[in-house]
Amino acid sequence: ALSWGDNFDRLGPLRLEFFSVVYRAHEMGDAMGLELELAALLHVTKNAQSCAPFEVETCRLIIAWLYSLSAMTDARPIPIETQQDLLSFSSAFVKFCSVSLS
């Protein structure tokens, strides 16, 4: 399993590969699921503390995920723990990353 503890520094260029898998899965509408995408992103970005070089793409994912929370239906509920993780990740992203989508 990915761990952002001791293993984060050793991931190096592989961080970009892991991020690309998450981003492409989301863009293609893959059934990877918000929970798995968010978990992978938490580890790859050290809980939003190290999003370089994919700050813009991370911001787009967060916006899409937050929109999915507002469009949530009873048929496909998002667990409360995942919602909390997403909000926590979003606030950490705002705190640690300065990005503009102009």
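Q: What makes Leu 41, Val 44, Phe 54, Glu 57, Thr 58 and Leu 61 contacts of Phe 19?
A: Contact means that heavy atoms lie within 4.5 Å. Leaving aside the neighbours of Phe 19 within four places in sequence, these residues are in contact with Phe 19: Leu 41, Val 44, Phe 54, Glu 57, Thr 58 and Leu 61. This is a predicted model, in which local features need pLDDT of at least 70 and side-chain atom pairs count only at pLDDT 80 or more, while totals for chains, interfaces and linings use all residues. Residues are numbered from 1 along each chain as its sequence is written, and side-chain values use heavy atoms, with hydrogens and water left out.

Q: Why is Leu 11 called buried?
A: Buried means under 20% relative accessible area, exposed means over 50%, and partly exposed lies in between (1.4 Å probe, protein chains only). Leu 11 has a relative accessible area of 13%, so Leu 11 is buried. Its place is in helix H1, residues 8-11.

Q: What makes up the secondary structure of the protein chain?
A: Helices (H or I, at least four residues) and strands (E, at least two) are DSSP runs, numbered from the N terminus. The protein chain has five helices and zero strands.

Q: Which residues of H4 are buried?
A: They are Thr 58, Cys 59, Leu 61, Ile 62, Trp 65 and Leu 69. The buried residues of H4 pack against helix H2 (14-27), helix H3 (34-44) and helix H5 (80-96).

Q: Which members of the largest nonpolar core touch the most other members?
A: A nonpolar core is a set of buried Ala, Val, Leu, Ile, Met, Phe, Trp, Tyr and Cys residues joined through side-chain atoms within 4.5 Å. Of the 23 residues in the largest one, Phe 19, Leu 61, Trp 65, Phe 89 and Phe 93 touch the most other members. H2, H3, H4 and H5 are the elements that give two or more residues to this core. H3 gives the most, with six residues.
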